[in-house]
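Dear colleague,

I am passing this structure on to you, and some notes on what was found in it follow below. Please look through it before reading on.

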Amino acid sequence: MDTVLSGIRPTGDLHLGNYFGALRNFVKMQNENNCYFFVADYHSLTTHPHPSDIQVNVKKILSQYLASGLDPEKATIYVQSDVPQVAELYMLMNMNAYIGELERTTTFKEKARQNPDNVNAGLLTYAVLMACDILMMHADKVPVGKDQEQHLEMTCKFARRFNQIYGVEYFKEPKAFNFGNNLIKVPGLDGSGKMGKSQGNGIYLIDEDKDIRKKVMKAVTDSGPTVENSPKPEVIQNLFTLMELVSTPDTVQHFDNLYNTCQIRYGDLKKQLAEDIIKAVAPVRERIKDIYNNEEYLNRVAAQGAEKAREQAAKTVAEVRHIIGFK
C-alpha cells in the first residue's frame, strides 16, 4: 500500500475545479492507499495573514474537505501546525539546503518579483518546508500540479543529500502523481485556462444559487456558429465541458445538436448550465455549512488527525536526530 500525501494552503474556498478534479480522486484514493491530507497553515505565513484569517480559513478548508467526501476514519486529515515535529525537521533540513539553489527556485523568484517588500526567509525556504511535509510521512506519491513539480524535485534532492551526508538509506524519493488521464481539467468561466483562485474565474462550493447564476450568465461566449457541424472554439467548448460534468447526457446532446445545426442560443445553454451546477453544488454547500457550524465535530476530526500524524512525525524526527548524532 502506497503512502500518499497532499496539502492545501488555507487561502480561500474550494471551487468546482478542486471538487471535480483532485478531490474526487482523493476520495477514491483513501480507500486504497495510506493517505495524509493536511491544511498547510505554516505555509500561509509567508504572506503574513492576520491571526483571525488563519483560524477562519483553516476551519473553512477542513469543512470543505470533509463535505467533499474525505473520511477521517479512512485517511489522516490534519492541520500542519498541530504537528510541531515538522518545525524541528524543517530546521534540521535547512542546515543542508543551500541559498543558491533556493534562490533559483521558480516560485521564489516569481513571488519575490510580485511582492518585493515581503521577501522573507520563509518564502526563500518554502521548498524545504514542503519537503519536510513529504519526507516526514515517508510519502511514496505526491499529487502535484505543474507549478509544484520543481519543489518535488527539490524534495528528492534533499532526500538524496541527507542520505549521502550521513551514509544511510533513510529517506525515499517520492514520485509525482498527477492522476494521468483521470484528472479532469475544469475550465474557468473567462474562456481561458483552467478554473483557479488567482484567476477569479471560478464557481465555489460555498457559492449561493444567485451567485452561481450570475457568474454563469457572465461566462464568455462568441457570436455563434454560422456553418453546421463546425468545431467549437475554446470559449464554447469550455461551457460544454462544464455541462458534461454536471448535466445529464441527453441535456448535453440536446445543446450539442443545437450547436451543430446553428440553432443554439447561448442564453438558454447558460441558464440550463447554471441550474445543473446548482443541483450538483447545493448538497455539498449544505454539508459544508453543517460541518462548519459543528465545532465539536471539527475539533474531534482535527485532534484525531493530529494524533495520527504526530505519531509518524515523532518517529521520523527521532530517527533523524539519531542519524545526525543527537543521541
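Is Tyr-166 buried, partly exposed or exposed? Tyr-166 has a relative accessible area of 28%, so the residue is partly exposed (buried is under 20%, exposed over 50%, partly exposed in between, with a 1.4 Å probe and protein chains only). Phe-162, by contrast, counts as buried, because its relative accessibility is 1%.

Please keep in mind that this is a predicted model, in which local features need pLDDT of at least 70 and side-chain atom pairs count only at pLDDT 80 or more, while totals for chains, interfaces and linings use all residues. Residues are numbered from 1 along each chain as its sequence is written, and side-chain values use heavy atoms, with hydrogens and water left out.

Phe-162 and Tyr-166 both belong to helix α8 (residues 149–166), where they are four residues apart, about one turn of the helix; helices here are DSSP runs of H or I with at least four residues, numbered from the N terminus. The structure holds 10 aromatic pairs (ring centres of Phe, Tyr or Trp, the last by its six-membered ring, within 6.5 Å; planes under 30 degrees apart are stacked, over 60 edge-to-face, the rest tilted). The ring centres of Phe-162 and Tyr-166 are 4.9 Å apart with planes at 55 degrees, so this pair is tilted. Together with Tyr-170 and Phe-171, these two residues form one aromatic cluster.

Charges also sit over rings (NZ of Lys or CZ of Arg within 6 Å of the ring centre and within 35 degrees of the ring normal): the charged end of Lys-59 is 4.2 Å from the ring centre of Tyr-292, and Lys-232 lies over the face of Phe-240, at 4.6 Å from the ring centre.

How values were computed:
Helices (H or I, at least four residues) and strands (E, at least two) are DSSP runs, numbered from the N terminus.
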